Amino acid sequence: MTALAVVLAALGACGYAVGARLQHAAVHATMDGGGLGLRNQALLVRNPRWLAGLAALGGGAVLHVCALGLAPLSVVQPIGVLALPLTVLLNLREQGYSRRDVNPSMALAVLAATGGLAVFVLLAAGSATPTPVGDDDQFTATQIVAVAVLLLGVVAVATRSKVRCVLFAAGCAVAYGYVSLMARAVAQQVGTWDLLAINLLSVLGIAVAMVAGGWLLQHAYASGPPDLVVACLTVIDPLVAVGLGIGLLGEADHVSGWVAAAEALCALVACAGVFALARHHPDNTEHRTSDRLDVDQPPTEVPAATAEHRTSPRPNGSSS
């Protein structure tokens, strides 16, 4: 069963990578050089490429959930991090970059984000204590996440660099991390076989968070490369979910100080990898080089004789 779970999780990561690539391309084709306004957002739901990306993302999510049902979280969750390097490779191939365009800094950034998160998940899965998600915990998580998503969205709108992509993707990841917590609460209620005991507000919270996260995700695609978006989602989503579990549910009450310090260090390494990827991505490097050339290149001077010829009046009766 574990081998099958590994295969399913790997296929799910491929679905995430392909879905991100397809939706990113569809968003930019719909924008056609403009912004992602309401009209363009309405056109996306009729775009076959965007719908294919949605199907790939949904299929990846289903495969990942099936894998979680066959093997422990500590085995399955790190495999989902494969979506990041897969998306990087797909994006580089789509943009026509060669291996020489991938500088060592970008490779180290991907390695830091992927490895840092994988070790973090392994430590959290091996040391955390499962606890029930109460109604008060859900209400507190809703308040925290709502403020965080709103703040990230507002700051992203006011930003005009690749940081905007990171902020939009981070807002989406925070919303999806909240979905993980609420989905666990619903799963615990379903496990009692008392369907009437299911809190409908939890289901409503999941629906609202999915819609808000999806809206932020499309704006992240419109603001930056897909591999940067996937990096933010891959890193921040589980960090938020685990953070809510530790802070609200007390899942780390019995974790030793050394393990907690190691988890914090891994989280910092993973987040640093995301920001390094944003800085050293080939798209951003090209833009910085182009801007530097435009600034350093002196303005073209018109020769004096030509300027005099252009400005001097023609004598009457002269022919050109």
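**Reading helices and burial in a predicted model**

Guide: Alanine 267 has its place in helix H11 (residues 257-280), where helices (H or I, at least four residues) are DSSP runs numbered from the N terminus. This is a predicted model, in which local features need pLDDT of at least 70, side-chain atom pairs count only at pLDDT 80 or more, and totals for chains, interfaces and linings use all residues. Residues are numbered from 1 along each chain as its sequence is written, and side-chain values use heavy atoms, with hydrogens and water left out.

Visitor: Does alanine 267 count as buried or exposed?

Guide: Buried means under 20% relative accessible area, exposed over 50%, and partly exposed in between (1.4 Å probe, protein chains only). Alanine 267, at 17% relative accessibility, counts as buried.

Visitor: Which residues does alanine 267 touch, not counting residues up to four places away in sequence?

Guide: Contact means heavy atoms within 4.5 Å, and on that basis alanine 267 touches Phe120 and Leu239.

Visitor: How many of the residues of H10 are buried?

Guide: In H10, 17 of the 22 residues are buried, so this helix is largely enclosed by the rest of the structure.

Visitor: Where does asparagine 47 lie?

Guide: Asparagine 47 lies in the loop between helix H2 (38-44) and helix H3 (48-70). With 17% relative accessibility, asparagine 47 counts as buried, and, leaving aside its neighbours within four places in sequence, it is in contact with Ala26 and Thr30.

Technical notes: Helices (H or I, at least four residues) and strands (E, at least two) are DSSP runs, numbered from the N terminus.
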